[in-house]
Amino acid sequence: MTNNLIAPSILSADFARLGEEVDNVLKSGADVVHFDVMDNHYVPNLTIGPLVCDALRKHGVTADIDVHMMVKPVDRIIPDFAKAGATYITFHPEASEHIDRSLQLTRDEGCKSGLVFNPATPLSYLDYVMDKVDLILLMSVNPGFGGQSFIPSTLDKLRQARKMIDESGFDIRLEVDGGVKVDNIREIKEAGADMFVAGSAIFGAGKDSDPNQYDSIIAAMRAELGKAESKAA
Ligand code: DX5
Ligand code: ZN
């Protein structure tokens, strides 16, 4: 089992062939399915909900599903995603009136819990809940759309979050989401991330019916991650 998790964001997949697209990225070596939920309220876009998550499970997807909720409020929909087969459920702290309760609810429902930080959201939201998160997700773009450019100040924020995780002693994943490509994934890894969302970079690599179309892009990302690791060793 690799320590670096590559999580294609299905936001950039061909939704008319979603099951097949997910099968193909997983077959090409992706680890986790990143599932972007947008509500046209917390973010200015509208995507998919628990029905689609459930459909992927019924289609036969057994990989972890990482539900990134860009919705407000959050509590009512958490149990629905748990029943639909989510592995991770993350939410934005600004979208919950009671962050501690929402994190606890996620774990009570049997899922791994996480907080998501917009580019301008301070990490201090973590101060009293480090024991209640399994995942910290730093947005490297403003949420709502795929295909945006990586915001460079995320690298410093990643270093800060990595330090907080290491000092806490808890087993917490550090995920980054937005503008991740082959040419920047190495420095993102070196800044401390261990879970990498990529939407347009992966699904933009090909849209035809070739089931191996994602092999080379995922292999290229893995190779860059490997370089970061050999530098650290
Ligand atoms: C943006 C979403 C991302 C998005 C990333 O709000 O949370 O997961 O799909 O897309 P890329 O990798 O294209 O920036
Ligand atoms: Zn996302």
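Two residues count as being in contact when they have heavy atoms within 4.5 Å. With that in mind, welcome to this predicted model. What covers the buried residues of helix 2? The cover includes helix 1, strand 2, strand 3 (64-70) and helix 3 (78-83). The points below start with the helices, move on to some single residues, and end with the cavities.

**Helix 2 (50-59)**

- The residues of helix 2 that are buried are Pro50, Cys53 and Leu56.
- Looking down the axis of helix 2, you would find these buried residues within an arc of 120°, so they line one face of the helix.
- Leu51 and Lys58 are exposed, and they sit on the face of helix 2 that is turned away from its buried side.
- Just after helix 2 comes glycine 60, which has a positive phi of about 115°.

**Helix 1 (18-27)**

- Helix 1 has its own set of buried residues: Leu18, Gly19, Glu21, Val22, Asn24 and Val25.

**Helix 8 (215-232)**

- Helix 8 is made of 18 residues, and the span from its first C-alpha to its last is 26 Å, close to the 26 Å expected at 1.5 Å a residue.
- Buried in helix 8 are Ile217, Ile218, Met221, Glu224, Leu225 and Ala228.
- The packing partners of the buried residues in helix 8 are strand 1 (5-8), helix 1, helix 6 (185-190), strand 8 and helix 7.

- Methionine 38 belongs to strand 2, while asparagine 40 is found in the loop between strand 2 and helix 2.
- Is methionine 38 buried or exposed? Its relative accessible area is 4%, and under 20% counts as buried, so methionine 38 is buried.
- Asparagine 40 has a relative accessible area of 54%, and the cut-off for exposed is over 50%, so asparagine 40 is exposed.
- Setting aside neighbours within four places in sequence, the contacts of methionine 38 are Leu11, Val43, Asn45, Leu46, Thr47, Met70, Gly144 and Phe145.
- From methionine 38 to phenylalanine 117 there are 79 residues in sequence, and the two C-alpha atoms are 15 Å apart in space.
- Asparagine 40 is not a glycine, yet it has a positive phi of about 55°.

**A cis peptide bond**

- Where does proline 73 lie? You can find proline 73 in the loop between strand 3 and helix 3.
- The peptide bond that leads from lysine 72 to proline 73 is cis, and its omega is near -5°.

**The largest cavity**

- How many cavities of 30 Å³ or more are there? The count comes to two.
- The largest cavity has a volume of about 220 Å³.
- There are 24 residues lining the largest cavity, and the closest to its centre are Phe145, Gly146, Gly147, Asp177 and Gly178.
- Strand 2 (32-38), strand 8 (195-198) and helix 7 (200-203) are the elements that give two or more residues to this lining.
- By type, the lining of the largest cavity has 11 nonpolar, 10 polar and three charged residues.

**The second largest cavity**

- The second largest cavity holds about 30 Å³ of space.
- Its lining is formed by Pro8, Ile10, Val22, Val25, Leu26, Ala30, Val32, Val33 and Phe203.
- Helix 1 and strand 2 are the elements that give two or more residues to the lining of the second largest cavity.
- Which element gives the largest share of this lining? Helix 1 does, with three residues.
- What kinds of residue line the second largest cavity? The lining divides into nine nonpolar residues, no polar and no charged.

Terms used:
Residues are numbered from 1 along each chain as its sequence is written. Chains are lettered from A and ligands numbered from 1 in the order in which they are written. This is a predicted model: local features need pLDDT of at least 70, side-chain atom pairs count only at pLDDT 80 or more; totals for chains, interfaces and linings use all residues. Side-chain values use heavy atoms; hydrogens and water are left out. On a 1 Å grid over the protein atoms alone, a cavity is a set of points where a 1.4 Å probe fits but cannot get out, and a pocket is an open set with protein on both sides within 12 Å along at least five of seven lines; lining residues have an atom within 4 Å of a point. Grid points are joined across faces, edges and corners, and a volume is the space filled by probe spheres set on the points. Helices (H or I, at least four residues) and strands (E, at least two) are DSSP runs, numbered from the N terminus. Ala, Val, Leu, Ile, Met, Phe, Trp, Tyr, Cys and Pro count as nonpolar, Asp, Glu, Lys and Arg as charged, and the others, Gly among them, as polar. The expected span of a helix is 1.5 Å times one less than its number of residues. Buried means under 20% relative accessible area, exposed over 50%, partly exposed in between (1.4 Å probe, protein chains only). The arc is that of the directions from the helix axis to the C-beta atoms.
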